[in-house]
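Please keep the model at hand while reading.

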Amino acid sequence: MKSNKPKVYISKPVPPEVLAYLQEHCECRMWDGQGTASRQQLLAELSEVEGLLMTGVPINEELLDRAPKLRAVSTISVGYNHFDIEAMRARGVIGTHTPYVLDDTVADLVLALMLSAARRIPELDAFVKQGRWQRGQGLTDEDFFGFDVHHRTLGLIGMGRIGDAIAQRAVHGFGMQLLYHNRSRKPEAEERFQAVYCELDELLRRSDFVVMMTPLTPETTRMIRREHFDLMKPTAFFINASRGQTVDEAALFDALQSGSIRGAGLDVFDPEPPRPDHPFFTLPNVVTLPHIGSATAATRLDMAMLAARNLVAALHGEQPPNIVPE
Ligand code: DGY
């Protein structure tokens with residue numbers, strides 16, 4: 001019997017409860033290969049599709065041309081820089097994303113990157129596992145020394161929901177002083193965290209830890225360049241858990257190699273994945289992760305379920321809770 005449910009394509013496998021919810025409301029096909037459907041694999045699926053549950057792949061004119069019946073695209077991510085909002089709007093395609101549910105998980109990872117880079121956790125973990133720890137080496141051995149996180153100055157670039165969760169941990173947990181730079185002032189953050197608003201240059205000059213937490217927009221693309229690293233303290237750490245494109249990676253590499261900054265913690269790259277011989281991998285003072293900011297089982301389930309609810313609402317003529325742009 002012909003179904004009158006809207007046709008949905010799911011471009012990466014979702015947990016069974018999310019699939020069951022989607023199947024209740026939609027006629028679903030789900031990518032059943034490894035990882036996520038590639039762009040070419042996705043394009044081949046779109047001719048009859050009304051709703052798309054996805055992540056990462058650019059939703060642009062080329063894709064929209066292949067999907068004449070598309071009415072809604074729901075990304076399982078808070079970032080929606082892969083949406084061409086104008087092109088979607090021109091065709092009446094609704095876009096949704098998954099804010100709120102990942103804030104604490106990403107904030108935890110940012111603190112982990114700060115601690116890992118400053119206390120050299122991966123480097124010293126490898127040292128122990130390689131059997132290089134000699135009897136007598138320890139308490140007074142400068143080779144093991146790191147840099148304190150507590151009571152230092154954190155400079156947050158981007159003071160949105162995730163920035164707020166980072167501030168909560170850094171200020172109330174670690175006694176850090178907070179500077180922030182954002183497209184608008186945040187009086188409530190200034191009050192709760194004694195946060196001080198700074199222009200970008202001043203924030204870079206004064207911070208011990210600079211954390212990028214902005215969404216990727218035309219204004220934030222390559223926002224941090226060579227001249228910005230030159231302003232940072234030689235003891236400072238640069239942490240990026242937003243998008244790799246916010247930073248000039250070649251300039252970051254030079255700053256790290258020359259000692260003009262002390263270290264970095266990176267969860268994001270441009271492009272992803274980085275090529276296996278990326279120069280960052282030769283540096284001991286860089287902690288690298290494969291874009292896992294929101295990657296815990298509980299949070300990824302919440303994100304997938306929220307994305308599914310957004311999609312079902314949009315396809316059934318209701319207002320989705322998390323429509324973009326916000
Ligand atoms: C997000 O949700 O935007 C995370 O960076 C994963 O892409």
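Two strands pair if DSSP finds at least two bridges between them, and the elements themselves, helices (H or I, at least four residues) and strands (E, at least two), are DSSP runs numbered from the N terminus. With that in hand, Lys7 has Glu27 in S2 as its bridge partner. The model is a predicted one, in which local features need pLDDT of at least 70 and side-chain atom pairs count only at pLDDT 80 or more, whereas totals for chains, interfaces and linings use all residues. Residue numbers start from 1 along each chain as its sequence is written.

**Domains**

The domain assignment, whose bounds come from an automatic or database source, gives domain 1 as 7–101 + 297–315 and domain 2 as 103–288. The C-alpha centres of domain 1 and domain 2 are 32 Å apart. Five residues of domain 1 are in contact with six residues of domain 2, where contact means that the C-beta atoms, placed from the backbone, lie within 7 Å. On the domain 1 side of this contact there are two nonpolar, three polar and no charged residues; in this classification Ala, Val, Leu, Ile, Met, Phe, Trp, Tyr, Cys and Pro are nonpolar, Asp, Glu, Lys and Arg are charged, and the others, Gly among them, are polar.

UniProt positions are given in the numbering used here, feature names are shortened, and annotations may be inferred rather than shown by experiment.

| UniProt feature (unreviewed entry) | Residues | Helix and strand | Distance between end C-alpha atoms |
|---|---|---|---|
| domain: D-isomer specific 2-hydroxyacid dehydrogenase catalytic | residues 8–324 | 36% helix, 14% strand | 19 Å |
| domain: D-isomer specific 2-hydroxyacid dehydrogenase NAD-binding | residues 111–293 | 33% helix, 15% strand | 11 Å |

**The five-stranded sheet**

Five strands build an open sheet with parallel pairing, in the order S2-S1-S3-S4-S5. Strand S2 (27–30) and strand S5 (94–96) are the edge strands, each of them pairing on one side only, and neighbouring strands are turned by 15° against each other on average, direction ignored. Strand S1 (residues 7–10) is joined to S2 in the parallel sense over four bridges.

Two helices lie across strands of this sheet. Helix H1 (residues 16–25) lies across S1 and S2 and runs at about 140° to S2, while helix H12 (residues 297–315) lies across S1, strand S3 (51–54), strand S4 (72–75) and S5, running at about 170° to S4. For these angles, axes are lines fitted to C-alpha atoms, for helices over the stretch in contact, and values run from 0 to 180 degrees between N-to-C directions.

**The seven-stranded sheet**

A further open sheet, again with parallel pairing, has seven strands in the order S8-S7-S6-S9-S10-S11-S12. Strand S8 (196–197) and S12 are at its edges with a single partner strand each, so one side of each is left without a neighbour in the sheet. Strand S6 (residues 153–157) pairs with strand S9 (residues 209–212) in the parallel sense over four bridges, and Gly155 stands opposite Val210 in S9.

**Ligand shell**

Which residues are around the ligand? They are Ser77, Val78, Gly79, Leu102, Gly293 and Ser294, counted as near if the C-beta atom, placed from the backbone, lies within 6 Å. By class, this shell has two nonpolar, four polar and no charged residues.

**Backbone details**

The peptide bond between Glu272 and Pro273 is cis, with omega about -10°, and Pro273 is placed in the loop between strand S11 (263–266) and strand S12 (286–288). Another cis peptide bond runs from Val324 to Pro325, with omega near -10°; Pro325 belongs to the segment after H12. Arg120, a residue other than glycine, has a positive phi near 60° and lies in the loop between helix H5 (103–118) and helix H6 (121–129).
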